[in-house]
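Please read the report below alongside the sequence and the 3D structure.

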Amino acid sequence: MTSRKKQLIVFGLFAILALVTTGCASQNAIAVPSVEFGGQIGTTSDPQVVGTELQILLLLTVLSLAPALLIMVTAFTRIVIVLSFVRSALALPQIPPNQVLIGLSLFLTFFVMAPTWDKVNHDALQPYLNNQIDQQTAYERGIAPVREFLFNQTRERDLALFVKMAKLPRPENQDDIPTYVLVPAFVISELKTAFQMGVLIFIPFLVLDMVIASALMSMGMMMLPPSLVSMPFKLLLFVMVDGWHLVVRSLITSFGS
């Protein structure tokens with residue numbers, strides 16, 4: 001038996017002994033574990049203390065899932081894919097850097113999702129923090145604006161696909177569609193929309209590549225890579241039409257209001 005196992009066994013015996021002795025000393029109060037921030041484990045008979053600690057544990061769990069939630073149920077997926085298409089169309093694999101691309105995608109996501117999050121905060125979070133509603137009511141009020149955003153961006157064909165795969169009866173309205181069916185339908189709809197926008201972004205640069213390649217071949221410059229010659233013209237075209245302004249405006253307006 002290793003020393004670590006021995007320490008765990010001794011710690012467990014002391015914890016059981018502490019619980020037993022506390023229960024014997026006070027027959028009217030129920031001793032429950034209490035975790036302090038200093039790393040100590042004791043006992044308490046106050047249910048409010050245990051409730052607060054469980055809420056902290058739940059908050060930490062939600063924070064660990066926050067990246068997945070940010071990607072799956074917000075505008076982030078469409079935005080980051082379209083911006084990646086822009087970088088690829090310009091033939092600049094490292095410009096702008098990934099940190100800039102992800103940062104811009106995050107802030108554009110915050111901008112697009114701000115009305116939805118305001119509704120969640122006003123209708124669900126603040127009343128719950130002020131003890132005006134319970135957890136179930138807060139969840140129902142909070143999920144409603146999010147579901148409304150997802151429905152507005154989800155194609156009926158994609159939604160019907162997952163309703164059929166889940167073997168659900170034909171829904172009469174949006175309330176009959178569960179969230180676990182709505183989220184994957186929203187994701188594949190976002191992927192399709194992002195790729196459609198990416199194709200439209202690629203077309204002018206592709207035409208420019210073809211023109212440069214034809215010109216080089218007509219001049220007999222077979223050994224000169226067309227991509228090397230076309231890159232400055234791509235950058236010039238993108239700057240002249242104010243490309244970032246057009247792309248960001250198209251992304252924001254694609255979500256509607």
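Phe-110 is partly exposed because its relative accessible area is 38%, where partly exposed covers the range between buried (under 20% relative accessible area) and exposed (over 50%), with a 1.4 Å probe and protein chains only. This is a predicted model, in which local features need pLDDT of at least 70 and side-chain atom pairs count only at pLDDT 80 or more, while totals for chains, interfaces and linings use all residues. Residues are numbered from 1 along each chain as its sequence is written, and side-chain values use heavy atoms, with hydrogens and water left out.

**Aromatic pairs**

Rings of Phe, Tyr and Trp (its six-membered ring) pair if their centres lie within 6.5 Å; planes under 30 degrees apart count as stacked, over 60 as edge-to-face and the rest as tilted. By this rule there are 8 aromatic pairs. In one of them, the ring centres of Phe-85 and Phe-202 are 5.9 Å apart and the planes stand at 90 degrees, so this pair is edge-to-face. The pair links distant parts of the chain, with Phe-85 in helix α3 (residues 76-89) and Phe-202 in helix α7, 117 residues apart. Helices (H or I, at least four residues) and strands (E, at least two) are DSSP runs numbered from the N terminus. The rings of Phe-110 and Trp-117 have centres 5.8 Å apart and planes at 55 degrees, so that pair is tilted. Phe-85, Phe-195 and Phe-202 form one aromatic cluster.

The table gives the accessibility of the residues in these two pairs.

| Residue | Relative accessible area | Class |
|---|---|---|
| Phe-85 | 17% | buried |
| Phe-202 | 31% | partly exposed |
| Phe-110 | 38% | partly exposed |
| Trp-117 | 33% | partly exposed |

How many salt bridges does a search of the whole structure find? The search finds 1 salt bridge, the term being used for a side-chain nitrogen of Lys or Arg within 4 Å of a carboxyl oxygen of Asp or Glu. The side chains of Glu-190 and Arg-78 meet in a salt bridge, with 2.5 Å from N to O. This pair, too, links distant parts of the chain: Glu-190 is in helix α7 and Arg-78 in helix α3, 112 residues apart. Both Glu-190 and Arg-78 are buried.

The charged end of Arg-78 also sits over the ring of Phe-255, 3.9 Å from the ring centre. A charge sits over a ring if NZ of Lys or CZ of Arg is within 6 Å of the ring centre and within 35 degrees of the ring normal.

Thr-74 lies in the loop between α2 (47-72) and α3. Is Thr-74 buried or exposed? Thr-74 counts as buried because its relative accessibility is 3%. Contact means heavy atoms within 4.5 Å. Leaving aside neighbours within four places in sequence, Thr-74 is in contact with Leu-69, Thr-109, Met-113, Trp-117, Phe-149, Phe-186 and Glu-190.

Val-199, Leu-200, Ile-203, Val-207 and Val-211 make a nonpolar surface patch of about 450 Å². Patches are made of residues with over 30% relative accessible area and no salt bridge, with like charges joined within 9 Å and nonpolar side chains (Val, Leu, Ile, Met, Phe, Trp, Tyr) within 5 Å. Accessible areas come from the Shrake-Rupley method with a 1.4 Å probe, and for residues only the protein chains shown count as cover. Val-211 is found in helix α7 (residues 179-218). With a relative accessible area of 49%, Val-211 is partly exposed.

Phe-233 is in helix α8 (residues 226-240) and is partly exposed, with a relative accessible area of 43%. Not counting residues up to four places away in sequence, Phe-233 touches Leu-208 and Ile-212. Phe-233 and Asp-209 are 24 residues apart in sequence, and their C-alpha atoms are 9.3 Å apart in space.

Asn-121 lies in helix α4 (residues 98-129). Its relative accessible area of 30% makes Asn-121 partly exposed. The C-alpha atoms of Asn-121 and Gly-142 are separated by 7.6 Å, and the two residues are 21 residues apart along the chain.

**The chain as a whole**

The protein chain has 9 helices and 2 strands. From the N terminus on, the elements run α-β-β-α-α-α-α-α-α-α-α. Of the 257 residues in the protein chain, 27% are buried. The protein chain exposes about 17500 Å², and carbon and sulfur atoms supply 68% of this area. Among contacts between residues at least 6 apart in sequence, 62% join residues at least 24 apart.
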